[in-house]
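Please keep the sequence and the model in view while reading the numbered points.

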Amino acid sequence: MPDQLVYAMEVTLNGLMAGVLYSLVALGFVLIFKASGVFNYAQGVLALFAALTLVGIQNGQVPFAHMINAMTGGHLTDFGWHVPALIAILLTGVVMVLLAIVIEKLVLKHLVNQAPIILFMATIGMAYFLEGFGDVMWGADIKTLDVGLPQGINETIEAVTDRWFGYGFFIDNLDIVATLVAILLVTALTLFSQYSKQGRALRAVADDHQAALSVGISLRFIWVLVWSIAGFVALVAGIIWGTKSGVQFSLSLIALKALPVLMLGGFTSIPGAIVGGLIIGVGEKLFEFSIGPMIGGATENWFAYVLALVFLVFRPQGLFGEKIIERV
Amino acid sequence: MNDMSDVYMTADGRQIGGVLMELKNITLKFGGVTAIEDISFDIRDGEIRAIIGPNGAGKSSMLNVISGFYIPTEGEVWFKGYKRGPMKPYEIARLGIARTFQNIALFDGMSVLDNIMTGRLTKMKKGLLAQAGWWWTGAAKEEHENRDKVERIIDFLEIQNIRKTPVGRLPYGLKKRVELARALAAEPKILLLDEPMAGMNVEEKEDMCRFILDLNDEFGTTIVLIEHDMGVVMDISDRVVVMDYGKKIGDGAPDEVRNNQAVIDAYLGVAHD
């Protein structure tokens, strides 16, 4: 087998894995968009906040230590204990639900029946506030996140491919875990949205607030639920991205990677987020591999957007988005 | 029901019970505008009660007060013999008061079946975890039971053939029917219909009339409806409230109302002083 083809296969595999990671982030956007018609600019920051909180709880950090120290002149840093990963994840989940309740109470409740652009603006405000709040709460230094996920090159795959092709593929264990987690998450969310009564209520609220009220759906409950789920998805994305590249400000920028995925897959479709992520992941890796060297590389930064733009031109609602039917 | 003494039978043999809901001195103001001024009337169990009046008379506002979308500035709403406190629209829906909207509020992205199933949300008691158990916890059984009820309503309203169609694609008349189906799915005590026949052709109107009469007869649902078509109103309703400029100018059986001088004036456009 020619070397180029084997390399391309490895690149494709890695692209698929990267795509899964993009999908994980895109998923959070889709959930909130489906349920409230709002593009939640804060989704990336939500992931950062979740990861920061997780590291903080795991390491027994004192929340707001800097602030308390500055006000009292003390030298608090941590409680001196270490919380097991699983418990820390559960506690972070609780924090994300509390955050959802606070967001609903302080912001969303007052914006019922407002235009989507107003809500979008509100999420921009929330994004920057949360970013600063995360820093104040847990400190702005770069942290490493380790919840015991396997990392490093998967040796089995390397050995097997070496035997087949005479060349061992480098596949990161973490990417494999991410893929499995993404599959689980998507299955659970799809089942929830299609078959549970809360899922049905959630889709109803997305469509029409008045009608939802008239059949006895509490908007506030649904919003807390949606933001909790989005927080949970952000937590999962935060864990995986945080493990991969450390917990720091740039984690919130993964949101930018999700945008082209959404444009491609459609803002309202969970499968769309997955397929869109995979196409973008594979597309940008293969493009970098095949065309990149000819034009000086660094194509990964913009290729996804170009691909998404091309899709937008031909299919504005995205691959799986709801068709916009306007009766004239 | 606080008063069972005057239960009576209608000419077509339906039984009208005591007072189910009573509106006492309802006033509704938006800033300086008075949409409803000191209106009182009652709704009896099992009757078809119409609210009529020229455009801007405050009919829809009245319906919104009953369904809790507006909170009256003054006055009380009594339901099943109890005074209703300040409640959110969704809480009132859960009490058994379902409604349709003047300009159709359906869930366009969902199928007809799913739209109607949302009407049964308040009837489904299984929590999130129980639903995750599906077969094991009986959530599947609950879903199927509710689905059966919905199928019966679908048959009743003759919309079997569009069951799986996304609502957004349906023509106007059918959307109205689906909206009625969704409201019916909640098995309401009182069904509020805001201009159920507006914008329909004669045939569609006749169908809708038949459905309203049938569902009142078959399920005993109390119906409060707003309608512009006087012929329709006089044909199907037991009692009629007439509103004009936010005030009640008439209340009674269709024949009484028809001969009421104030009503004739309002409809023929006699100058208001």
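1. Conventions. This is a predicted model, in which local features need pLDDT of at least 70 and side-chain atom pairs count only at pLDDT 80 or more, while totals for chains, interfaces and linings use all residues. Residues are numbered from 1 along each chain as its sequence is written, and chains are lettered from A and ligands numbered from 1 in the order in which they are written. Helices (H or I, at least four residues) and strands (E, at least two) are DSSP runs, numbered from the N terminus.

2. The sheet of chain B. Strands of a sheet pair through backbone hydrogen bonds, either parallel or antiparallel. Here an open sheet of four strands has the order E4-E3-E6-E7 in chain B, with antiparallel pairing; two strands pair if DSSP finds at least two bridges between them. Strand E4 (33-44) and strand E7 (82-83) of chain B are the edge strands, each pairing on one side only.

3. The strand pairs. Strand E3 (residues 19-30) of chain B is joined to E4(B) by eight bridges, and B:Phe30 has B:Val33 in E4(B) as its bridge partner. Between E3(B) and strand E6 (residues 74-79) of chain B there are five bridges; B:Leu23 stands opposite B:Val77 in E6(B). Two bridges connect E6(B) with E7(B), and B:Trp78 is partnered there by B:Lys83 of E7(B). E6(B) and E7(B) form a hairpin with two residues between them, and B:Lys80 in the turn has a positive phi of about 50°.

4. Helix H5 of chain B. This helix (residues 139-156) has 18 residues and reaches 26 Å from its first C-alpha to its last, close to the expected 26 Å; the expected span is 1.5 Å times one less than the number of residues. Which residues of H5(B) are buried? They are B:Ala139, B:Val150, B:Ile153 and B:Ile154, where buried means that 20 or more other C-beta atoms, placed from the backbone, lie within 10 Å of the residue's own, and exposed means 12 or fewer. Seen down the axis of H5(B), the buried residues fall within an arc of 100°, so they line one face of the helix; the arc is that of the directions from the helix axis to the C-beta atoms. The face turned away from the buried side of H5(B) carries the exposed residues B:Lys141, B:His144, B:Asp148, B:Arg152 and B:Asp155. Just after H5(B), B:Glu158 takes a positive phi of about 55°.

5. Domains of chain B. Domain 1 (1-96 + 190-213 + 222-273) and domain 2 (98-187) are given by the domain assignment, whose bounds come from an automatic or database source. Their centres, taken over C-alpha atoms, are separated by 26 Å. In chain B, 16 residues of domain 1 are in contact with twelve residues of domain 2; contact means C-beta atoms, placed from the backbone, within 7 Å. On the side of domain 1 that touches domain 2, strand E9 (190-194) of chain B is one of the elements that give two or more residues, and E9(B) gives the most, with four residues.

6. Contact between the chains. The contact takes 19 residues from chain A and 26 residues from chain B. Helix H8 (197-207) and helix H9 (209-214) of chain A each supply at least two residues of the side of chain A that touches chain B. H8(A) gives the most to that side, with seven residues.

Notes:
Two residues are in contact if their C-beta atoms, placed from the backbone, lie within 7 Å.
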